[in-house]
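Work through the exercises below with the sequence and the coordinates open. Each task is followed by a worked solution.

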Amino acid sequence: MNKKIALIPGDGIGPDIVREGVRVLDAVAKKFGHSFTYETVLAGGAAIDKFGESDAVLLGAVGGPKWDNVPGTLRPEKALLGLRGGMKVYANLRPAVMFKQLSAACPLKDEIVGSGLDILIVRELTGGIYFGERGRNAENTEAWDTERYTKPEIERIVRLGFESAQKRQKRLCVVDKANILESSRLWREVAESVKADYPDVTLSYMYVDNAAMQLVRNPRQFDVIATSNMFGDILSDEASQITGSIGMLASASLGDGTGPGLYEPIHGSAPDIAGQDKANPLATILSCAMLLRFDFGMEKEAKAIEVAVEKVLDQGWRTGDIAGSDFDAVKAAGKLVGTAKMGDLVIAAI
Ligand code: IPM
Ligand code: MG
């Protein structure tokens, strides 16, 4: 048989003993007519020495139809969850901001959008149904995933929601399904128990189905939304679309501040346009601004990126996804650009 074996020698005597193991495996392969190939993976101190420790992490996207049918444990998304869980970045900040230059790409009527949209979704990122117990029965006729939250997990998100609201319009909406889910009822209890610490913030609650509707009916009622992992996943895609393009929205995933943050655009891997120089890099570029701001305290530098992006949009440059109903006009004006050119334009503006 041909088999592939990952080797993780690690530190200390690890490499010495693994080397002998490999020699024995090779001897067995020879004797019994097998072929083993090895891939060495760094872990432990060896990995720290080679790569050092990072102060922040910038991530693109994972997943695609090619891997849709691989077993759950192998799915690319699993790596992302492992990273989020492993880095303990429990709070995912997803600002859904409408760039005024992109109003043509916004699918909502002008009277709904008014002077613009600016919503911050604070999504719980390392708990709930994404990380809860899951499984199937022996007959493979039943499957389950579990939504489970502890008070401390909820409290740190709700508090971040309150603190974020204090810096904005002072309105926090906790989105849940408390008419059905026990875990949601705990979210409400926790929010009630800490709200006295934030007397300047108006707290409200909304069921997630209603919130999904209200986001398109009257999005300007929202300032900060704090919600669970899955509801935040769903609502942030919706919120991004009403702002014009999911290709514009950045995100920061933060922990308790003792380790690095994880920064990623909120969109997926868009395999249909991969490698064609079509993807909008602005969500990632704006994630870099969040990285500088939150992990390095570089406010001026972050602003420089954000101002540059605004400037490029002001000048009329568009990738396909943000040209919206102006697509033909943008194209005719020679302002339709690809991924690399968009990057060049932002750099030039900086
Ligand atoms: C997101 C994505 C991920 C998620 C997937 C790729 C696992 O949809 O970041 O919103 O569900 O969290
Ligand atoms: Mg998502």
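This is a predicted model: local features need pLDDT of at least 70, side-chain atom pairs count only at pLDDT 80 or more; totals for chains, interfaces and linings use all residues.

**Exercise 1.** State how the chain is divided into domains and how far apart the C-alpha centres of domain 1 and domain 2 lie.

Solution. Begin with the bounds: domain 1 takes residues 1-90 + 251-350, and domain 2 takes 107-242. Then take the C-alpha centres of the two domains, which lie 26 Å apart. Finally, list the contact residues: seven residues come from domain 1 and 11 residues from domain 2.

**Exercise 2.** Describe the area buried between domain 1 and domain 2, and find which three residues of domain 1 supply more of its share than any other three.

Solution. Step one is the total: the domains bury about 810 Å² between them, with 70% of it on carbon and sulfur atoms. Step two is the share of domain 1: Leu 81, Tyr 90 and Ile 266 supply 69% of the area it buries against domain 2.

**Exercise 3.** Count the salt bridges and the residue pairs in polar contact between domain 1 and domain 2, then characterise the side of domain 1 that touches domain 2.

Solution. The salt-bridge count across the interface is zero. One residue pair is in polar contact. On the side of domain 1, helix 3 (residues 76-86) gives the largest share, three residues. By class, that side has four nonpolar residues, two polar and one charged.

**Exercise 4.** Which residues are around ligand 1?

Solution. The list is Glu 77, Leu 80, Arg 84, Arg 94, Arg 123, Tyr 130 and Asp 233. Next, check distances from polar side-chain atoms to an oxygen atom of ligand 1: 2.7 Å for Arg 84, 2.8 Å for Arg 94 and 2.6 Å for Tyr 130.

Note on methods:
Residues are numbered from 1 along each chain as its sequence is written. Chains are lettered from A and ligands numbered from 1 in the order in which they are written. Side-chain values use heavy atoms; hydrogens and water are left out. Domain bounds come from an automatic or database domain assignment. Contact means heavy atoms within 4.5 Å. Buried area is the accessible area (1.4 Å probe) that two parts lose on being put together, summed over both. A salt bridge is a side-chain nitrogen of Lys or Arg within 4 Å of a carboxyl oxygen of Asp or Glu. A polar contact is a pair of N or O atoms within 3.5 Å; within protein, one must be able to donate a hydrogen and the other to accept it, and residues adjacent in sequence count only if both atoms are side-chain atoms. Helices (H or I, at least four residues) and strands (E, at least two) are DSSP runs, numbered from the N terminus. Ala, Val, Leu, Ile, Met, Phe, Trp, Tyr, Cys and Pro count as nonpolar, Asp, Glu, Lys and Arg as charged, and the others, Gly among them, as polar. A residue is near a molecule or strand if one of its heavy atoms lies within 4 Å of it.
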